Amino acid sequence: MRSLPLTFCAALVAGAIALPASAALAESTSDDARDEKRSGTVSVSPSRVSPGGEVELRVDICGKARSARGNSEAFASEARFEPADGKGLVAEARIRSDAAPDDYEVWVTCKDGHGKATGTVTVVHHGRPSPVAPVRAGGGGTAALAENAADEGPGTRHAVIGLGLGAVAAVAVAFRSARRRRPAQH
């Protein structure tokens with residue numbers, strides 16, 4: 001008869017040991033479920049850009065997802081993310097050429113739908129408009145120098161240098177002419 005209370009106590013001890021383990025297992029399962037609905041931030045570089053410029057976007061919240069999509073009212077088209085060299089995903093996005101100066105929100109959604117991230121890009125206008133897709137025809141930026149030179153023209157410094165060179169040339173011609181006119185003395 002003594003075995004019945006002993007069996008009952010053993011069952012209570014086993015239940016007490018198993019209850020915290022099952023609670024911990026249930027809690028870790030709920031943590032995994034929370035991890036599946038991750039949220040984070042989008043890294044935007046550069047954070048300030050002119051219309052027509054490009055930005056690089058980075059996220060690291062997508063876990064095992066190998067791609068994501070990003071949108072913003074400032075973007076010319078949807079940004080498609082791919083795995084980066086290190087950790088996370090990376091994409092490039094072009095800013096609309098008609099984007100007004102303002103702060104624009106960026107939204108990224110992981111392909112599997114389990115992660116979302118937000119960030120901000122600031123569109124600014126510069127004094128001079130820059131081309132959206134410049135032609136790579138060489139010259140190394142000499143067009144800007146040629147514009148400035150055409151506006152300035154020759155100045156006083158150029159006139160003095162020219163007069164000095166002209167005087168040196170005139171003296172050289174005079175000496176040469178004088179040497180030819182002398183009779184030979186033998």
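Q: Leaving aside its neighbours within four places in sequence, which residues is Ser72 in contact with?
A: Contact means heavy atoms within 4.5 Å. Beyond those neighbours, Ser72 is in contact with Tyr104, Glu105, Val106 and Trp107.

Q: What kind of model is this, and how are its values counted?
A: This is a predicted model: local features need pLDDT of at least 70, side-chain atom pairs count only at pLDDT 80 or more, and totals for chains, interfaces and linings use all residues. Residues are numbered from 1 along each chain as its sequence is written, and side-chain values use heavy atoms, with hydrogens and water left out.

Q: Where does Ser72 lie, and is Ser72 buried or exposed?
A: Helices (H or I, at least four residues) and strands (E, at least two) are DSSP runs, numbered from the N terminus. Ser72 lies in strand S5. Buried means under 20% relative accessible area, exposed over 50%, partly exposed in between (1.4 Å probe, protein chains only). With a relative accessible area of 10%, Ser72 is buried.

Q: Which backbone oxygen lies 2.9 Å from a polar atom of the side chain of Ser72?
A: That oxygen belongs to Glu105.

Q: How many helices and strands does the protein chain have?
A: There are three helices and nine strands. Read from the N terminus, the order is α-β-β-β-β-β-β-β-β-β-α-α. Of the 186 residues, 21% count as buried. Among contacts with a separation of 6 or more, 56% come from residues 24 or more positions apart.

Q: What is a disulfide, and which residues form one here?
A: A disulfide is a covalent bond between the sulfur atoms of two cysteines. The search takes a pair of cysteine sulfur atoms within 2.5 Å. One is found in the whole structure. Cys62 is joined to Cys110, S to S 1.9 Å. The link of Cys62 and Cys110 is left-handed, with -85° about the S-S bond. Cys62 lies in the loop between strand S4 (54-59) and strand S5 (68-72), and Cys110 in strand S8 (residues 102-110), so the pair ties together parts that are 48 residues apart in sequence. Cys62 is buried at 2% relative accessibility. Cys110 is buried too, at 3%.

Q: Which residues touch the most other members of the largest nonpolar core?
A: In soluble globular proteins, nonpolar side chains tend to be buried together. A nonpolar core is a set of buried Ala, Val, Leu, Ile, Met, Phe, Trp, Tyr and Cys residues joined through side-chain atoms within 4.5 Å. The largest core has 26 residues; Val55, Leu57, Val59, Phe81, Ile95 and Val121 touch the most other members. S4, strand S6 (79-83), strand S7 (89-94), S8 and strand S9 (115-123) each give two or more residues. S8 gives the most, with four. Leaving aside neighbours within four places in sequence, the contacts of Phe81 include Leu57, Val59, Leu89 and Val108.

Q: How many salt bridges are there, and which residues are linked in a network?
A: A salt bridge is a side-chain nitrogen of Lys or Arg within 4 Å of a carboxyl oxygen of Asp or Glu. The whole structure has five. Arg69, Glu78 and Arg80 are linked in a network. The closest N and O atoms are 3.1 Å apart for Glu78 and Arg69, and 3.5 Å apart for Arg80 and Glu78. Glu78 is partly exposed at 29%, and Arg69 is partly exposed at 44%.

Q: Which residue forms a salt bridge with Asp98?
A: Arg96 does, with the closest N and O atoms 2.9 Å apart. Asp98 is exposed at 58%, whereas Arg96 is partly exposed at 26%.

Note on methods. A polar contact is a pair of N or O atoms within 3.5 Å; within protein, one must be able to donate a hydrogen and the other to accept it, and residues adjacent in sequence count only if both atoms are side-chain atoms.
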